[in-house]
Amino acid sequence: TSLRFAAERRGEIPVCVRNPHLDALKDDVLYHFGLGTGTHNLPAMFGDVKFVCVGGSPQRMKSFIEYIAAELKMEDPTSEYPNICEGTDRYDMYKVGPVLSVSHGMGVPSIAIMLHELIKLLHYARCTDVTIIRIGTSGGIGLEPGTVVVTKQAMDATFKPKFEQVILGKTVVRNTDLDQSLAEELLHCSKELKQFDTVIGNTMCTMDFYEGQARLDGAFCFYNEKDKQDYLRKVSEAGICNIEMEASVFAAMCKLSGVRAAVVCVTLLDRLKGDQLSSSHDVLHSYQQRPQMLVSCYIKKTFRNL
């Protein structure tokens, strides 16, 4: 707490943890990262971090760190970047300069575990003025495939802007607001790039890829095409532009920690027209580059002003 107040007096915003029990720990083992306060000098390793980009795929997050290194002209883009979490097989983590790139797996439980340990890591490293951005893929609602969606508000599958979690047998509801000024800055970067369409809109976060997203092609399905279209129409009427599986808990946890946060996902298909991906591998790969390009543009502009 004293570190937080000292940082705030200097005009810096620290990363908050809200757990008094952490003060009683002699060493805190960040088990799923293979790191710890007693085994690693976290301030020396991570104290300069200002930007954290997270995404589901380990390979995608490695390619992102290679891409941003070249964009920032900070290191040889052909060099190998070691996986900082090589001591575990749960998540991958890469770093270049002030940028940290971390994989989070698929779905709310996986990203929630990662975020608990990431937020503690940033706190122990005494990082300040951190921005965390999730980059990923999604299913669009009435958008052309390849459109990038910057999330305005993360919603659940009943179209409510909240994240619910059962803690000690009781349902706890948390706010899913994201930083709107950051969303606007990212949209402005897209306009500067002029390479693909970008919109700001609501994102629906579901607990499942198949039934939870009204697909007809899972192992189980007890509804028909009309039921699906009726539901997706309501999704669209709620101002939802895309569907994925991590935004709500990401928004809730970033808000609790006091960091600026955004979700930037490309749409791989229009869910109003189908459930399965029909685009070629090369086309899908090009789509997946778009969030990286947009976020890199933002980091480059911000980095110059640090």
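Is Asp197 buried or exposed? At 54% relative accessibility, Asp197 counts as exposed, because exposed means over 50% relative accessible area, buried under 20% and partly exposed in between (1.4 Å probe, protein chains only). Keep in mind that this is a predicted model, where local features need pLDDT of at least 70, side-chain atom pairs count only at pLDDT 80 or more, and totals for chains, interfaces and linings use all residues. Residues are numbered from 1 along each chain as its sequence is written, and side-chain values use heavy atoms, with hydrogens and water left out.

**Around Asp197**

- You'll find Asp197 in the loop between α5 (180–193) and β10 (198–205); helices (H or I, at least four residues) and strands (E, at least two) are DSSP runs, numbered from the N terminus.
- Setting aside neighbours within four places in sequence, Asp197 is in contact (heavy atoms within 4.5 Å) with Gly146, Thr147 and Val148.
- Take Thr147 from that list: Asp197 and Thr147 sit 50 residues apart in sequence, yet their C-alpha atoms are 5.2 Å apart in space.

- Some background first: most residues other than glycine have a negative phi.
- Asp129 is not a glycine, but its phi is positive, at about 55°.
- Look for Asp129 in the loop between α4 (108–124) and β6 (131–140).
- Asp129 has 36% relative accessibility, so it counts as partly exposed.
- Ala214 isn't a glycine either, and has a positive phi of about 60°.
- Ala214 belongs to the loop between β10 and α6 (225–237).
- With a relative accessible area of 5%, Ala214 is buried.

**The annotated binding site**

- Which residues does the UniProt annotation "binding site" cover? According to the unreviewed entry, they are Arg90, Arg134, Ile135, Gly136 and Thr137.
- A word on that record: UniProt positions are given in the numbering used here, feature names are shortened, and annotations may be inferred rather than shown by experiment.
- Arg90 is in the loop between α3 (58–72) and β4 (93–96).
- Arg90 counts as exposed because its relative accessibility is 57%.
- Thr137, by contrast, is part of strand β6.
- The relative accessible area of Thr137 is 25%, so Thr137 is partly exposed.
- Not counting residues up to four places away in sequence, Thr137 touches Arg60, Glu244, Cys265, Val266, Leu268 and Gln288.
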